[in-house]
Number of protein chains: 2
Amino acid sequence: MSSERLIYLPLGGAGEIGMNAYVYGYGAADKERFILVDLGVAFPDMDTTPGVDLIMPDMAWLMERADRLDAIFITHAHEDHVGGVAHFYAQLGAPVYARAFTANIARRKLDEHGHPAEAVRTASTWPETVKAGPFTVGFAPMSHSIPESAGLVIDSPAGRVVHTGDFKLDPNPVVGEAFDPDMWAEIAKPGVRALVCDSTNVFSAHPGRSESEVGPEIVRLVSEATGMVVATTFASNVARVKTLAEAADRAGRSVVLLGRAMRRMIEAAIETGVLTDFPKVISAEEARDVPRDHLMLLVTGSQGERRAASAQLARGKYRGLELKEGDLFLFSSKTIPGNEKGVIRIINQLSEKGVDVVDDSSGLYHVSGHANGPDLERLHGIVDPQMVIPMHGEHRHLRAHAKLAESHGRPGIVAVNGMMLDLSGNAPTVAEYVETGRSYLDGSVMVGALDGVVRDRIRMALNGHVLVTVILDEEDEPLGEPWCETMGLPDMGSSKASLVDVMEEDLNQFLMRAGAKTLKDDDKLEEALRRIVRQTAQAEIGKKPEVTVVTSRMR
Amino acid sequence: MSSERLIYLPLGGAGEIGMNAYVYGYGAADKERFILVDLGVAFPDMDTTPGVDLIMPDMAWLMERADRLDAIFITHAHEDHVGGVAHFYAQLGAPVYARAFTANIARRKLDEHGHPAEAVRTASTWPETVKAGPFTVGFAPMSHSIPESAGLVIDSPAGRVVHTGDFKLDPNPVVGEAFDPDMWAEIAKPGVRALVCDSTNVFSAHPGRSESEVGPEIVRLVSEATGMVVATTFASNVARVKTLAEAADRAGRSVVLLGRAMRRMIEAAIETGVLTDFPKVISAEEARDVPRDHLMLLVTGSQGERRAASAQLARGKYRGLELKEGDLFLFSSKTIPGNEKGVIRIINQLSEKGVDVVDDSSGLYHVSGHANGPDLERLHGIVDPQMVIPMHGEHRHLRAHAKLAESHGRPGIVAVNGMMLDLSGNAPTVAEYVETGRSYLDGSVMVGALDGVVRDRIRMALNGHVLVTVILDEEDEPLGEPWCETMGLPDMGSSKASLVDVMEEDLNQFLMRAGAKTLKDDDKLEEALRRIVRQTAQAEIGKKPEVTVVTSRMR
């Protein structure tokens, strides 16, 4: 029996939709050589991560073993798969492999952060492969909502694993390769030990629809419009942007791309030859001289992001362009859970301007980029693996996906972040539980999710903040009266006097009575002052604020 | 020509879903006598109102004219219609009229706040009426997702207005009166000047479904369950709670009500005779001795509220009860936009426990309480008003609803909060724009939405907070070195030294060089110190925090 083993360890993406990072290892226990599949980010929200810029998987485990990491493979250029490459580049130091379009995006990221763009190497597609330590990895084209998504064929001495990346089974994806069942059947032939598989849409019970189906609907909508037309979608959905632009072209409308991401993605798609026949684009400046019924703006901000082009147009003028009564605004996108309020805010602002808004509620103007339940079953059938390991999903998705596999007689294993599976045997076993978590990029600093920084911000947001300053003389006697300042609290409470005055008065009363023992001891004194402030605030305004006490001693 | 006029003024609810408050007035301009229809609240969120307890309409305009207010009419007992009665009772001081169930809930609210419950008077239903100044008001039963919802028939010398409240056209609402087209045709007979109408579901293109349709589906689901069953819905949806309880009963399961709101609503429904034949309920304590396949828990928290029974059960034990592998959890509810993340959190926690979750995605286990587009058209047709004034909706709903009316040849007027309409003439005119807004109940204090309190909290949450303390002696020279404390910021930045140390050092450098003019002037000094802290933080951690400077002078 070999002492070598094949392991699978999700560090991000298994238990959430976002920040994908999956480690594969092969070798003797604790001496495995590793490859990393994807290195993504997730996005913060005000509820749990106020002020944070990006959320990343905790890569500490792999960073400590970076000398055993042979390569990083990126399946596609969505931020939740590629967004972390620059942030961890210095610590991981491994070459990054990706298909041309993805590599173009990854290089831009490294370059922006001052890292060498050459670290990213363009990979050809399956059956060509890349050798990385004990692994041989091939990029097998998959259709998805971004160009050049790839499933990875990962061969090791312990057999073949297929890691799907994000995918759908699209026979006509408008841009890029159609789903190719024959290629996948070929890949399956030698036998596949495990299918590590996208779970996002496992709850959708009908087969997924092709990207090509939205084209005719969008053409109809745009051709019937009488004012200016604005459409938003994910900038990275190059096929959709192309469909929208072609609908504009057919309706005799000039296309304007608004928003940095929109221009950057189209640029990358043209540079890499992914996009060949995109209609002519004019600038916002040129658009000002074009009659509004001859214009179509393609804009960023399908998720209601406050600073994106869509939100700016909803609020007022943006780069000299302004929406008016009778214009049409199309959301060719779905709203990701959590973003509803931002999207609805924009729709209401547009409504106030008299703009007609069309969204995806009709189901006509958007299709998903992920495989639905029946599509997953179909891929399971083609690849016919010994086991299915659901990834890219919250726990509910992973569990349902595993059940789906089981219902066809294939073992399905729910492995969440940190659960290391040994795939070498006939059945997978849990080899180890690795401590994982999240890191926050906050400004320019990486902060651990459990460091308390964000917790303190949330507390200030919920409770307000009171600052107390006390000065003590050489004999530890109060010098003057204590001072309070408040932030995020009302000026006045139940006694109809200034809240600050009431708190200062209560603190002063306490200090005049306080014994030498308390006054000498910073910790005791601060704790006592904090308690008084909280009690007074509770009585005055019905709220216990956060309190910071600064004691200055004239020693 | 009469100098008297009939006016309509929404102070809340027209431009948002929530905090309904509609004023009607009749009399000579600026001498009108008023009635108020509904007095609701809205709920805060972390994005825009962290730490706030309740959001209320700004009632200042009406409070200044409280001597001209003859009565308050509450259409039904949902919080966005009745939630404000206790908070404004003292300032408005008018009697409150409602049907028995609604009155029961309103009295509980007044009582909890120490106001006399007798201020709430139980009204009989149409054709009986209540006289209030120049108005005669009748409560005409309407089906909705709470017992005893009513549309108001508001007569004045200037004619009849129908104010629908929230409603659906349900021929079989399980609890309470079915929609009665004959009654509404009778009400319409003398001619209706304006129909002021619920707009919530105007975007739903199919006719609404009856509450009675979910019963058989729920019965089937519960009868097939093998473990414990837990179901959540809005506690105030008494018909649904009854349907769920009866499904339990039929399956031989004992019913447990968990969550204060759930018990209170059923209690009110029984007290007022709304609910007569509710299955026997057992306590959580009794339930511990019942086999889990003989139990069904009906719990609060359908919106994922962190402290509700559903969330507590998802996290662990609640009142001695615990969910296990093979149990079933049913969301017999829809998720209100903005609450998705909270609901999904619970579903994932339940998934981790191996609990099967069934939600409304199948459309089988929930129906809405509001009239859909075709239902609105039907009511417009029956009441046949001179004009339709959409209310209870965001701008997009009001606009679409007005268009719907126009499409049938009836004028539709979008009147948002603060827009006073004169309904006396043949066509409505805008009489005045009244300043409106929102108030926040924050702890025990009412805070204006524009007072800056919440804005400061959001800033602290996004940027963190730095406190700077400087002591100056009698000659305005710094006494010792400046102190910094931070909250919600990382300990260390780019220079790998303590952030506080770096800031203190920079502040100290500045103070040593600062001229007498700066040191003497509190404002100048604080502004300079604030600028240094923000610059240093930007360099160290890539973030500009909020800064509070406390200068103490030894004078």
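These legends walk through a few close-up views of a predicted model.

**View 1. Chain A meets chain B.**
Let us start where the two chains touch. The contact draws on 60 residues from chain A and 60 residues from chain B. Between them, the two chains bury about 5,300 Å², and 62% of that area lies on carbon and sulfur atoms. On the side of chain A, the residues that lose the most area to chain B are A:Met46, A:Arg399 and A:Met487; together they account for 13% of what that side buries.

Eight salt bridges are found across the interface of chain A and chain B. One of them joins B:Lys543 to A:Asp442, with their closest N and O atoms 3.0 Å apart. The interface also holds 29 residue pairs in polar contact. Several elements of chain A give two or more residues to the side that touches chain B. Among them are helix H11 (340-352), helix H13 (395-407), helix H14 (453-463) and helix H17 (522-541), and the strands include E26 (465-472) and E28 (546-553). Sorted by kind, the residues on this side of chain A are 25 nonpolar, 17 polar and 18 charged.

**View 2. Around the axis.**
How can chain A be laid on chain B? A turn of 180° with a shift of 0.0 Å along the axis does it, giving an RMSD of 0.1 Å. This is the relation of a two-fold axis. In chain A, look for A:Ala461: its C-alpha is the nearest to the axis, at 2.7 Å. The same surface serves both copies, as 100% of the contact residues of chain A recur in chain B.

B:His294 sits in the loop between helix H9 (284-287) and strand E16 (295-299) of chain B. Leaving aside neighbours within four places in sequence, B:His294 is in contact with B:Gly252, B:Arg253 and B:Ser254. B:Gly252 is 42 residues from B:His294 in sequence, yet their C-alpha atoms are 6.3 Å apart in space. The side chain of B:His294 also makes a polar contact of 3.1 Å with the side chain of B:Asp293.

Technical notes
Residues are numbered from 1 along each chain as its sequence is written. Chains are lettered from A and ligands numbered from 1 in the order in which they are written. This is a predicted model: local features need pLDDT of at least 70, side-chain atom pairs count only at pLDDT 80 or more; totals for chains, interfaces and linings use all residues. Side-chain values use heavy atoms; hydrogens and water are left out. Contact means heavy atoms within 4.5 Å. Buried area is the accessible area (1.4 Å probe) that two parts lose on being put together, summed over both. A salt bridge is a side-chain nitrogen of Lys or Arg within 4 Å of a carboxyl oxygen of Asp or Glu. A polar contact is a pair of N or O atoms within 3.5 Å; within protein, one must be able to donate a hydrogen and the other to accept it, and residues adjacent in sequence count only if both atoms are side-chain atoms. Helices (H or I, at least four residues) and strands (E, at least two) are DSSP runs, numbered from the N terminus. Ala, Val, Leu, Ile, Met, Phe, Trp, Tyr, Cys and Pro count as nonpolar, Asp, Glu, Lys and Arg as charged, and the others, Gly among them, as polar. Copies are superposed by least squares on the C-alpha atoms of residues with pLDDT of at least 70 in both.
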